[in-house]
Structure formats: structure tokens, C-alpha cells
Amino acid sequence: MSKVDSIQVDRFQGLFVLGLPFALQQSGYMGLILLISAALICTYTGKILVSCLYEEDENGHSVRVRRTYEDIANACFKNVCPHIGGIVVNAAQVLELTMTCILYLVVGSNLMCHSLYFLPLTPVTCSTVTFLILMPCMLIRDLRAVSRLSFFCSLAQFFITFIVIGYCLCQSVRWENTSLRRVPVDFYGFQVAVGVIIFSYTSQIYLPTLEESMMDRPEFKSMMDWTHALACILKTAFSVLAFLTWGEETKEVITDNLPAGLRMMVNLCLLVKALLSYPLPFYATAEILQISVLKLDSSEARAERWMLILRGSLLILTFIMALYVPHFSLLMGLTGSVTGAAMTLLLPALFHLQLKWTQLDMSQKALDLLILLLGSFCSISGVVCSVKGMIKAFGDKETNLSV
């Protein structure tokens, strides 16, 4: 498995899958439809994004003329402002990767509190310990080490997922008391679920590099079909079985529903996985800021100092944000609504229309426009609902503190 392959698997079946049963509990049967439709849409947008890397030559053959997501964005806006597209894409990537770092800290601290419940540890203490453990991330300069961690994280995720599925199957006698039809579908719950589900499928920022690394590039479309189909099947089975087992008692992180002994074992495994997963988005964010924003040259003497300052500041920022936004599903929904919808739905469809307009038939243009409208609606409404949820959560937290 290559570096990018391990990264792709980790993004598809990462810790964020643990929030899908709660998303289903919030949205009912509409969430189930969304799980399947999101896989189909993300497969399509991934394909059209990669198609934007190519142009036809004089003989009608496709030639790869671009390398990255940023190159595609710059090509679309070259007649307006040559670099504005790359700036927008880089900003969206930094935001998504930073939010991912925060999510790993949030879920890592949550898992530490629940796994070591026999110790007098407060959430702030757990967050601080997690932060101290992750401090060596500032010294990472090699993607090879990060890719190895991603590979083992993926294996651990599959192991843990099948443990949860196995437990749910053993509890099948409880399923008759639970039905998706009994879940009221309200606008707020559905919109938060949209962000959570979209975020669980976001991998578009890695696709140009993934396609470039393939030995047989024409097989990219087939690879997209198979990986998204398998991810959809696994996520749907995981979410439905978990919801049927716990119903309205389904929690934000599904492992919190497991029996004490099994929960402690699984949470400890997930804690290790969360800590090992953090370096990937952290490294990627630091690299983008270092190269595209600060324009640092690693060969310069002063670059070493500024790189450490940059990485230290980024680590502290994610730690502070994790302390003040301790709600896993709401933060995941907000991230999916903002950057997930933009990178996965809006920008691929927009770039495809811009670069391939003369080559598209009416049905393809209509589909891209529909995805643009759908992405815009999901993004705006998801942001509103997630922010409202966070405000309410903060209000409840202040009320409890005052009492």
C-alpha cells in the first residue's frame, strides 16, 4: 500500500465513522438515504475533479497538464485573478485539516476520560495530557513516518469497527424495539447529519496525488467506484446496526454505548488510534502554511526556527479550540458543512463546468448545476444548525457551571 493509499483508507474509515450512528439517530430514514446518496455524489465529484487535471491534445488524447487541486483552481481563475483560486483552495484545505486536528483532540480527550474513568481526571486534564503527548509532532519532517502511522490506524479502525458490528449482531434481540420510522425527522437534526455524513466521505483533496501515484491511471474510475461502494456498505451497516441496538440512547461517539469492560478496551484502542492519526492532518496543514503562506525554504538557516514556531502555534491553537468546542458531532457537522461541502461538492462541480463546459452535454451540465445548488444549500443550512447547536451547548454548559 502506498503513502496515499493508506491516507485514503484512513480518511474513509477514520474515527469520524463513530459519529454516523448518532447522525442516523438525529435524521432517521432520511439519514440512511443520505448515507447512500452521499457516496454516489462523492464518487462522481471525485471523478470530475480528476478529469479537470487533463486536457485533450490535437489528436483527441487526454494529457495530464495539472498536478494538484490548487493547479485546477488557478486554471479556472487565470483570466480573473491568476492566484485567487489557489488561495481559496489552500484556505479551505487548511481549515478542513485544522478542524480535523481539533476533532482528533476532542475525541482523544473524550476517550481518555471514559477509558480511565477510575481516575479523578477532568476533561481539561485529559485534553492537557493529550496535548503533551502530541508535542513531538512539531518535530515531524518526513511524510513516510506519517504514512506508516496511517496504515496501522486503518487496520486498527477496521478491527474496532468489526468488534462493534459483532456486538450489535449479538444483541439482535433488541432490534424489534427500534425502528427508523419512529425517529422524527426535523430540520435541525437532518442538517447536522448532512455535515457529519459528508465529512465522513471527504477525500477529494488527496485524489490528484492518489491518481498521479497509480501505475494504471485509467483504472482510477473503477477504483473510485469500488472504494466508495465498500465504504458505503460498511458505513451503512455499521450505522444501522448500532442504531437498531441502542435506538434513542445512541450517543455522539458510539463506543460510549458499549458495556463497561468492552468499552474500556475499545476506547483504549481508539485513543491510541486518535493519537496516531493526529500527525497526518497536522503535518499537511503545517506544510501548506510553510510553503504557500510563509514561503519558507527549508534550506535556509532561519527557516528551522520559523517552522518550529509555526508548528508550535498550530498545536496550541488546536488544543485551545478543543477545550472550548468539546462537542464531537456538532464540530464534525460544522466542518463537513463548511469545508466538506466546498471541497467535495461545490468546487469540483464549479471547476468541471468552468474547464469542460464545451465538452459537456446538457445532462452533465444539469447534474453539475444540481450538485452546486445542493452543496450550497447543505453548506449554508448546516452551518446555521451546527452553530445554533454549539451556542445551545455552551449555554447549557454555563448554566451547569453556575448551578
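Asp 225 is partly exposed, with a relative accessible area of 35%, in what is a predicted model. The side chain of Asp 225 meets that of Lys 47 in a salt bridge, with N and O 2.7 Å apart, and this pair is one of five salt bridges that a search of the whole structure finds. The protein chain that holds them has 403 residues, of which 53% are buried, and its secondary structure comprises 15 helices and two strands.

**Salt bridge Arg 64–Glu 211**
- Arg 64 and Glu 211 bring their side chains together in a salt bridge with an N to O distance of 2.8 Å.
- Because Arg 64 sits in strand β2 (residues 62–64) and Glu 211 in helix α9 (residues 207–213), the pair ties together parts that are 147 residues apart in sequence.
- Both partners, Arg 64 and Glu 211, are buried, which means that each has under 20% relative accessible area.

**Salt bridge Arg 67–Glu 212**
- Between Arg 67 and Glu 212 there is a further salt bridge, in which the closest N and O atoms are 3.1 Å apart.
- Arg 67 is placed in the loop between β2 and α4 (69–76), whereas Glu 212 is part of helix α9, so this pair ties together parts that are 145 residues apart in sequence.
- Arg 67 counts as partly exposed at 48% relative accessibility, and Glu 212 likewise counts as partly exposed, at 25%.

**Nonpolar surface patch**
- On the surface, Tyr 117, Phe 118, Leu 119 and Leu 121 form a nonpolar patch whose members together have about 390 Å² of accessible area.
- One of these residues, Tyr 117, is found in the loop that runs between α5 (84–115) and α6 (123–134).

Note on methods:
Residues are numbered from 1 along each chain as its sequence is written. This is a predicted model: local features need pLDDT of at least 70, side-chain atom pairs count only at pLDDT 80 or more; totals for chains, interfaces and linings use all residues. Side-chain values use heavy atoms; hydrogens and water are left out. A salt bridge is a side-chain nitrogen of Lys or Arg within 4 Å of a carboxyl oxygen of Asp or Glu. Buried means under 20% relative accessible area, exposed over 50%, partly exposed in between (1.4 Å probe, protein chains only). Helices (H or I, at least four residues) and strands (E, at least two) are DSSP runs, numbered from the N terminus. Patches are made of residues with over 30% relative accessible area and no salt bridge: like charges are joined within 9 Å, nonpolar side chains (Val, Leu, Ile, Met, Phe, Trp, Tyr) within 5 Å. Accessible areas come from the Shrake-Rupley method with a 1.4 Å probe; for residues, only the protein chains shown count as cover.
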